[in-house]
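Hi everyone, thanks for coming.

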Amino acid sequence: MWHHYELDSAMLKTDQPLTLWKTDRGIIEIDKDTFAIAITQDGKPQGYIFNGNGKLTLDTIIETEQGAVGKPTEKTLTEPFLMLGNPQNITPHLTTTTNENNKEFTTKAENFFHHFFKNGKTFNMNCGCHHHDEGLIFAFSNPNNRPDLLVLNDSKIVYKAKHMTFVSDENRDVLKSPEHMVVSNHGRCIIIKAHN
Amino acid sequence: MTEELKEEMRKLKEEIAGLKDQLKTITQPEHERRGGMYIDIGSPVHDYVQDVMNGVAQGVHGELERSIFIGPRGCRIIRRGGPYQQEREEEQVDFPRVAEAMSALGHEHRLKILNELMSGGKYINELQEKLTEITTSTLSSHLDVLEKAGLVVQEKVRGRYLITMPGRTAYKMSTQIANFIKQGDEQ
């Protein structure tokens, strides 16, 4: 299958605070008046690039028989970030805006879109993904670095940041950080501490 | 024991492979698995996630292979650095950190909190129900001290308090000290 994603030209903003994702492991929230530009496929929104004030909270902690490992991850979202999937719950809460001050965001969003999809505004894709009713992808821009990536599907979580990788599926977890690497299955685990 | 360790290693490798397979189900085309609507996310994202998982799996395998040697005559854990290095590491004690941890342990209520958390993560109201002699505000301040010392960590979403690995070790150590003192008193 070949598809094209495009960045829409219409500038939108949220009419209320929104929770983009929430489970007992993490939550992503954005404030009212957060700017948004739709990512479309065949003219239909498949996701958005947001810019405003928001917050990602993710409990990147693994419970093991020897004690908990890791710390919660909290990230303030003031730079543009991308969300793919679940547009039907977001779209009703977006209104159009014509504020001239949005040009900065438009440029940032375009740059991020290009950076994330690498091949530009319209490009060929031959790789499939879960339907967005079930799966979500978030990408958080990072200056001078690859975007932090959060892939979600039901209870499955993959979070990749500059210094950390966290993979979780119910009671099976992997945490790789500069301090240690932990592989856990229902509390049974192997922990490898970093040698400095 | 060696056979058990080998078996554990084999299981761990299987679990890592399983996790990789599960991740593939996130990024694999849905239509290959079942009917429904789909979106395509693009090979760069797919490759990126695959890279991440491959990196994690290789890292785990690499560390296991560097740390644990399985040979024809059995299995042994490789400790890097000779006795000299170990001695040097022992000398490099972070005294302020140790003092903070010891200070956190130096209160009956905080030891009781750790004791409760030894059986698993708990919400503050669950701790309150178990430790009725501690008021809610005092309990919160004790938990703050324990968290600051790295003996306890709080989940930000659910709010449960969990005892950390250092916390578990510190609690066990404190009970051992208590036992030594008790034995000394009896003698």
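Let me begin with a question: in β18(A), which residue is the bridge partner of A:Thr165? The partner is A:Lys176.

Before I go on, a word on what you're looking at. This is a predicted model, where local features need pLDDT of at least 70 and side-chain atom pairs count only at pLDDT 80 or more, while totals for chains, interfaces and linings use all residues. Residues are numbered from 1 along each chain as its sequence is written, and chains are lettered from A and ligands numbered from 1 in the order in which they are written.

Chain A in outline, then. Its secondary structure comes to one helix and 20 strands; helices (H or I, at least four residues) and strands (E, at least two) are DSSP runs, numbered from the N terminus. Of the 196 residues in chain A, buried ones make up 45%. By buried I mean that 20 or more other C-beta atoms lie within 10 Å of the residue's own; exposed means 12 or fewer, partly exposed is in between, and C-beta atoms are placed from the backbone. Now take the contacts in chain A with a separation of 6 or more: residues 24 or more positions apart account for 53% of them. A contact here means two C-beta atoms, placed from the backbone, within 7 Å.

Back to the strands where we started. Strands of a sheet pair through backbone hydrogen bonds, either parallel or antiparallel.

Let's walk along the chain. β16 (residues 156–161) of chain A is joined to β17(A) by six bridges, and the two run antiparallel. They form a hairpin with two residues between them, and A:Ala161 has A:Met164 as its bridge partner in β17(A).

Next, β17 (residues 164–169) of chain A runs antiparallel to β18(A), with five bridges joining them. Here A:Val167 stands opposite A:Val174 in β18(A). This hairpin also has two residues between its strands, and A:Glu170 takes a positive phi near 55 degrees.

Then β18(A) is joined by five bridges to strand β19 (residues 180–185) of chain A, again antiparallel. That hairpin has three residues between the strands, and A:Lys176 stands opposite A:Met181 in β19(A).

So how enclosed are these strands? Five of the six residues of β17(A) are buried, so β17(A) is largely enclosed by the rest of the structure.

Elsewhere in chain A, four strands form an open sheet in the order β3-β4-β7-β10, with antiparallel pairing. β3 (18–22) and β10 (73–77) of chain A stand at the edges with a single partner strand each, so one side of each is left without a neighbour in the sheet. Four bridges join β3(A) to β4 (residues 26–30) of chain A, and A:Lys22 has A:Ile27 as its bridge partner in β4(A).

Now the core. A nonpolar core is a set of buried Ala, Val, Leu, Ile, Met, Phe, Trp, Tyr and Cys residues joined through C-beta atoms within 7 Å. The largest one has 73 residues, and those touching the most other members are A:Tyr48, A:Ile49, A:Leu82, A:Phe138 and B:Leu151. Helix α1 (residues 103–117) of chain A gives the most to this core, with six residues. Leaving out residues up to four places away in sequence, A:Tyr48 touches residues including A:Ala36, A:Ile39, A:Met83 and A:Ile90.

In α4 (residues 95–105) of chain B, the buried residues are B:Ala101, B:Ala104 and B:Leu105. They cover an arc of only 105 degrees around the axis, which puts them on the same side of α4(B); the arc is that of the directions from the helix axis to the C-beta atoms. On the other side of α4(B), B:Phe95, B:Pro96 and B:Ala99 are exposed. The buried residues of α4(B) pack against α5 (108–117), α7 (136–148) and α8 (165–186) of chain B.

As for α5(B), its buried residues are B:Arg110, B:Ile113, B:Leu114 and B:Leu117. Seen down the axis, they fall within an arc of 95 degrees, so they line one face of the helix. Among the elements covering them are α4, α6 (124–130) and α7 of chain B.

Definitions and conventions:
Two strands pair if DSSP finds at least two bridges between them.
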